[in-house]
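User: I'm new to this one, could you walk me through it? I'll ask as we go.
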Amino acid sequence: MKKLIASIFLFALVTVGANAQCRAFTKNRVLPNLIGFVQNENYNAALFMEGDEAELLMTFYGGKDYRLVVMAHPVLPEVEFEVLDTNDELLYTNKTASNKNVFDFRMSSTQQLKVRVRVPDSKGTMVRQGCVTVVAGHKS
Amino acid sequence: MVGLVGFAAVQFTSCSGCQQAKTEQPSMDAKKDSMDQARVEQLKKIFFNIPSPVEMASLIKDQGYTYEKKMLNAVENVDKYMGEVQQAVNLGIYGADLSYASIFDQKQESMTYFAAAKKLASAMAIDGGINDSTITKLAEYQDNRDSVLKIVTGAYADLNGYLKENNRIEVSALVISGGWLEALHLCLQYAEKPNSDLIRQRIGEQKMVLESLLKYYESFNNKPALAEMKADLLEIQKELNKVEITAGKTTVSKAKDGVMTIGNGSKATVKDDTLKALNVLVKKIRSKYVA
């Protein structure tokens with residue numbers, strides 16, 4: 001039991017330390033993709049392991065142009081992301097996009113959309129982990 | 001079990017590692033599951049998003065309204081704020097005021113509000129985004145509104161990241177709530193003016209935004225620091241629940257300029273008495289924090 005608690009504590013420490021690196025990754029590698037857009041003030045970056053999947057609910061206002069940038073640290077396989085409505089209707093996937101990390105779109109009306117992010121499982125013997133960041137920006 | 005689903009924030013499941021642990025080291029399985037659970041809980045608090053106050057300020061400007069300093073929280077109040085909750089909420093409030101001043105290209109006001117925000121951030125020992133070097137940068141680029149906006153929103157995003165990475169996620173939630181509250185307050189003031197249909201619509205749409213914010217609060221399991229704000233937000237939700245939002249099926253099309261366009265034709269209808277009640281309520285709640 002003690003070992004388990006120690007493991008969790010160690011894991012928490014490692015996670016916090018590694019998450020701190022996500023801020024630098026976001027600033028240096030992700031934000032340059034938002035040039036021309038005003039960055040949303042929420043911070044969404046965390047450590048993902050291969051096979052992890054996450055979903056983020058976002059509200060986008062009608063009449064605005066947005067850019068969504070989803071990036072994973074190069075240590076991870078190429079991140080997959082999809083945009084769906086709240087009925088799980090698929091609206092966009094980066095699988096067929098030329099730019100796998102950036103999605104530009106316009107909202108004709110205000111709506112909540114789900115952004116589903118997945119780090120593929122490489123089926124290797126080692127499970128890799130690295131930062132994944134989701135940022136949104138709007139045109140001013 | 002690669003799985004998913006979460007709302008408001010996020011839900012994670014991790015898996016490839018578990019499979020390996022199961023087959024090679026069964027005794028590790030429980031540890032892995034516990035660690036996954038801890039990670040899931042932590043990540044739920046990190047992944048969260050609502051529109052920034054700057055988007056509301058931008059709408060006000062786009063509608064042709066003028067800048068009104070009297071609507072903002074006076075920077076002279078900054079020294080009054082004691083205690084982490086009041087400081088965090090006002091850090092968010094000043095952030096929204098700063099966005100509003102920046103959108104209206106109020107150079108001196110933007111600098112003053114940034115300095116007030118910096119004072120609060122320092123008092124709260126927050127070392128992210130809002131610091132002396134950002135103030136210098138802001139002064140350097142003050143004649144370029146787009147650069148100012150980029151600096152301001154970048155500083156608040158970095159502050160948000162700093163708080164999340166340093167296990168002060170509740171503080172981050174309060175800053176975001178303060179910003180949302182102030183942006184709503186500003187919109188409510190303009191909603192009383194003529195030709196404010198789009199502003200009223202945007203106020204009504206806050207029903208969706210607040211729903212996300214409150215779901216985010218649920219991930220904190222009734223943390224005492226968030227109790228007062230949560231109760232206030234629930235009060236506001238009671239009023240916003242009177243807003244009727246209609247929407248159709250989501251459509252995706254390509255605009256003439258090639259940009260993908262998404263929409264479901266949603267429309268929020270806010271009745272006059274709901275708007276009035278909301279204004280009174282938000283004023284009451286806001287004045288409690290800024291007083």
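Analyst: A definition comes before the sheet: two strands pair if DSSP finds at least two bridges between them, and helices (H or I, at least four residues) and strands (E, at least two) are DSSP runs numbered from the N terminus. This is a predicted model, in which local features need pLDDT of at least 70 and side-chain atom pairs count only at pLDDT 80 or more, while totals for chains, interfaces and linings use all residues. Residues are numbered from 1 along each chain as its sequence is written, chains are lettered from A and ligands numbered from 1 in the order in which they are written, and side-chain values use heavy atoms, with hydrogens and water left out.

User: OK, what is the strand order in the open sheet of chain A?
Analyst: The open sheet in chain A has four strands in the order 3-8-5-6, and their pairing is antiparallel. Strand 3 (53-60) and strand 6 (90-93) of chain A each have a single partner strand, so they stand at the edges with one side lacking a neighbour in the sheet.

User: And how many bridges join strand 5 to strand 6 there?
Analyst: Three bridges join strand 5 (residues 80-85) of chain A to strand 6 of chain A, and the two run antiparallel. In strand 6 of chain A, A:Y92 is the bridge partner of A:V83.

User: Switching over, what does chain B contain?
Analyst: Chain B has eleven helices and four strands. Of its 291 residues, 58% are buried, meaning under 20% relative accessible area, with exposed over 50% and partly exposed in between (1.4 Å probe, protein chains only).

User: Which residues meet where helix 4 and helix 11 of chain B pack?
Analyst: B:Q86, B:V89, B:N90 and B:I93 in helix 4 of chain B meet B:K288, B:Y289 and B:V290 in helix 11 of chain B, where contact means heavy atoms within 4.5 Å. Helix 4 (residues 84-103) and helix 11 (residues 272-290) of chain B pack at an angle of about 115°, with their axes 9 Å apart; axes are lines fitted to C-alpha atoms, for helices over the stretch in contact, and angles run from 0 to 180 degrees between N-to-C directions.
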